[in-house]
Amino acid sequence: MRKIIFFIISFLFIFTSFANSCNYLISSFGSSKEQLENGIGNKFPGRFIQNQFGGEVYFLPVEILCGENKLLNGSMVHYLFLNNKLIEVKLEKFSFQNEANIMNYSIKKFGDFKRPVGSKENFRGNNFWNIGNREIEYVSTDIEGGHVELLAIISKLYSFEINEYYEKVGKWLDSQNQ
């Protein structure tokens, strides 16, 4: 009887883990745009959008990759390519109300972090994790009309390229505020 109960509980635990998992990292860092498109298959017609900073971004609703995932539904996945190499994967979720869905996902996936006392929904700030050869950043901030959460993942192999890229973006943003 104990074995049967143990088996049922184990099955439920494994099933819930798979149900809550989401593989939005469908391409390896450094892979080409074509490899990403092969990973997506015909699930979603999309195209790469070039920007003035030398990057190309592919946007994809997370539901295409993860189906029903309470923490991530409503999020967009951004795949940033420089020189036809994947250098950053970012989850972004906008909300009209305070939510901490991507924070809860991040904590579950990468580990908890120190925050001021209070509800997760009211947290504004960021946290960094270094796990293996990846740098991960979570950001929660208010924007006009609501709240946005971001989870950015990069490979340390491409940290120089991503820093150069965001330096260009930063200079452009500064020039817009003058």
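These entries record what I looked up on aromatic pairs, charges and one surface patch in a predicted model.

**Basis.** I number residues from 1 along each chain as its sequence is written, and side-chain values use heavy atoms, with hydrogens and water left out. Because the model is predicted, local features need pLDDT of at least 70 and side-chain atom pairs count only at pLDDT 80 or more, while totals for chains, interfaces and linings use all residues.

**Aromatic pairs.** I paired rings of Phe, Tyr and Trp (its six-membered ring) with centres within 6.5 Å; planes under 30 degrees apart count as stacked, over 60 as edge-to-face and the rest as tilted. The count comes to 10 aromatic pairs. I looked up Phe48 and Phe81: their centres are 5.4 Å apart and their planes at 90 degrees, so this pair is edge-to-face. Phe48 is in the loop between helix H2 (33-40) and strand E1 (49-50), and Phe81 in strand E3 (residues 76-82), 33 residues apart. Helices (H or I, at least four residues) and strands (E, at least two) are DSSP runs, numbered from the N terminus. For exposure I took buried as under 20% relative accessible area, exposed as over 50% and partly exposed as in between (1.4 Å probe, protein chains only). Phe48 counts as buried at 15%, and Phe81 is buried at 1%.

I then looked up Phe53 and Trp172, an edge-to-face pair at 5.8 Å centre to centre with 65 degrees between the planes. This pair links the loop between E1 and E2 with helix H5 (residues 159-176), 119 residues apart. Phe53 is buried at 13% relative accessibility, whereas Trp172 is partly exposed at 35%. I also noted that Phe110, Phe113, Phe123, Trp129 and Tyr138 form one aromatic cluster.

**Lys33.** I find Lys33 over the face of Phe48, 5.4 Å from the ring centre; the rule asks for NZ of Lys or CZ of Arg within 6 Å of the ring centre and within 35 degrees of the ring normal. Lys33 also meets Glu56 in a salt bridge (2.9 Å, N to O), a term for a side-chain nitrogen of Lys or Arg within 4 Å of a carboxyl oxygen of Asp or Glu. Glu56 lies in strand E2 and Lys33 in helix H2, so the bridge ties together parts 23 residues apart in sequence. Both Glu56 and Lys33 are buried.

**Other salt bridges.** My search of the whole structure finds six salt bridges. One of them joins Lys171 and Glu167, with the closest N and O atoms 3.5 Å apart. Both residues lie in helix H5, four residues apart, about one turn of the helix. Lys171 is exposed at 55%, and Glu167 is partly exposed at 47%.
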